[in-house]
Amino acid sequence: MNSISLYLHIPFCAKKCRYCDFYSVSFDERLAWRYLDGLAAEIALCKKSRITEGAAVQTIFIGGGTPSVFSGEALHSLCTLVRSSFTIAPGYEWTVECNPESFTNDKGVTLLEAGVTRLTFGLQSLNDRELSLLGRVHSSERCHTILSDHVLSRFTSIGVDIMYGLPGQTMRTLEQTLAAVFDSPYVKHISAYELTVADNTPFGRHRSILPLPSEGETAVMTGSLWELLEKGGFCQYEVSNFAKPGHACRHNQAYWDHKPYLGLGCAAHSYLHEKRWANVRDVNRYIRMVSNGLFPREFIETIDKKKLAMEIVFLGLRKVQGINEAFFQESCGIAFADFIQKDSIGQFVNRGLLEYEKPFWKPTRKGLLMADAIAREIL
Ligand code: SF4
């Protein structure tokens, strides 16, 4: 292994959003500093066990939670910890997730000086009614201020996340959100996620009274949104991801291409040496374990060739590029054609949902809309 990606999870947020089922807790300055010590302890454990020895870090992603909820000083310490602990390859990509309410120009400068190349902002919507329903703490005005902050011009790439399929959302409000994003000269990447309502969230508990769009309405909205994004110059490269040329997120591509990554922090996942593991989803337990010299793992599984083959199919059909059958055979030791249901793949080709462009099996635009269903069928 000579290259690797790095993920660091910051499990703190200003306030829990009503739809969120990621692991995060309310921000607490003292706990945040203890957590940083915990990250340093986990990195020391990883180095002692040599799991990343000899590997240069190609991409880094600091996600959450809300990393920008940290003070400038804490962000500086976090970046210094990363830089001093790993060999970072030339031409690396380094992303930090930020939320509009906690990002400031000063924090932007701190991140730039630390070597961060890319920021991504969780805007979700620029409609105040939608933001308040989601339980977000920022306003649309705050999004406008962030999107016009000149410090963004100094990063290699700026991304934003938006959501659709929201209760009461219309194509008109979605278009207003997009128009504001397109207006910013700095935004080069857009992740557009359909709202999923998880049972263990306030949205899940009140699902019956939420004015959610029907499946059909969401499908129409998805198609229209994708067209608008393409018209705005953002090319789709995955079901939920669109970028200006040269601005696709290399870190996410590493996940989808089954490259090795090390996840640090509570609730972080790793995939290394044919094993996948997840760290414990409890910040205090995480700190206790790493401080006592224990790996904070909650589960670990071996990714055998069959499991890997299934994952390549599921993730590959979500990418515009599709599944590379040569890569499939090389990684799984079996020809793609021998692994899948030949009849069903033929039907999807006839229905205009899949096409073959040697060596890629690619979903068409229509096929991308039902990528997961196609994957289930052909397996
Ligand atoms: S800011 Fe993001 S991680 Fe934090 S509660 Fe909201 S959706 Fe969840």
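Select P359 and the strands on either side. P359 sits in the loop between β16 (354-357) and β17 (360-363). K358 and P359 are joined by a cis peptide bond, with omega about 0 degrees. Keep in mind that this is a predicted model.

Go next to G65. This residue is in the loop between β4 (56-64) and α2 (72-85). Here too the peptide bond is cis: from G64 to G65, omega is near 20 degrees. Most peptide bonds are trans.

Now colour by domain. The domain assignment of the chain gives domain 1 (3-255) and domain 2 (305-378). Their C-alpha centres lie 29 Å apart. In the contact between them, domain 1 supplies 10 residues and domain 2 supplies eight residues.

Select H258. This histidine is in the loop between α9 (250-256) and β11. Phi of H258 is near 60 degrees, a positive value in a residue other than glycine. Is H258 buried or exposed? H258 counts as buried because its relative accessible area is 12%, and the cut-off for buried is under 20%.

H273 lies in the loop between β12 and β13. Phi of H273 is also positive, near 50 degrees. Most residues other than glycine have a negative phi.

Stay here for the second largest pocket. Its volume is about 370 Å³. Of its 15 lining residues, H258, Y271, H273, E274 and L308 are the closest to the centre. β12, α11 (305-316) and α12 (325-332) each give two or more residues to the lining. The largest share, three residues, comes from α12. By class, the lining has seven nonpolar, three polar and five charged residues.

Move to C266. Find this cysteine in the loop between β11 (261-264) and β12 (269-272). C266 is buried, with a relative accessible area of 0%. Show what surrounds C266. Beyond its neighbours within four places in sequence, C266 is in contact with H9, P11, Y23, Y35, N279, V280, D282, V283 and Y286. Pick Y23 from that set. Y23 and C266 are 243 residues apart in sequence, yet 8.4 Å apart in space, C-alpha to C-alpha.

Keep L262 selected and turn to the largest nonpolar core. Which residues have the most contacts inside this core? They are L39, F70, L119, F121 and L262, in a core of 101 residues. α1 gives the largest share, eight residues. Both domain 1 and domain 2 contribute at least three residues each. In soluble globular proteins, nonpolar side chains tend to be buried together.

Zoom in on F70. Leaving out residues up to four places away in sequence, F70 touches I10, F12, F27, A32, L36, L75, L78 and K107.

For the last stop, select C17, C20, F203 and L210. These belong to a second, separate core of 10 residues.

Note on methods
Residues numbered from 1 in each chain as written. Predicted model: local features only at pLDDT ≥ 70, side-chain atom pairs only at ≥ 80, totals over all residues. Heavy atoms only, no water. Core = buried A, V, L, I, M, F, W, Y, C linked by side-chain atoms within 4.5 Å. Buried < 20%, exposed > 50% of the residue type's maximum accessible area, 1.4 Å probe, protein only. Helix = DSSP H or I, 4+ residues; strand = E, 2+ residues; numbered from the N terminus. Domains from an automatic or database assignment. Contact = heavy atoms within 4.5 Å. 1 Å grid on protein atoms, 1.4 Å probe; cavity = no way out; pocket = protein on both sides within 12 Å on 5 of 7 lines; lining within 4 Å. Points joined across faces, edges and corners; volume = space filled by probe spheres on them. Nonpolar A, V, L, I, M, F, W, Y, C, P; charged D, E, K, R; others polar.
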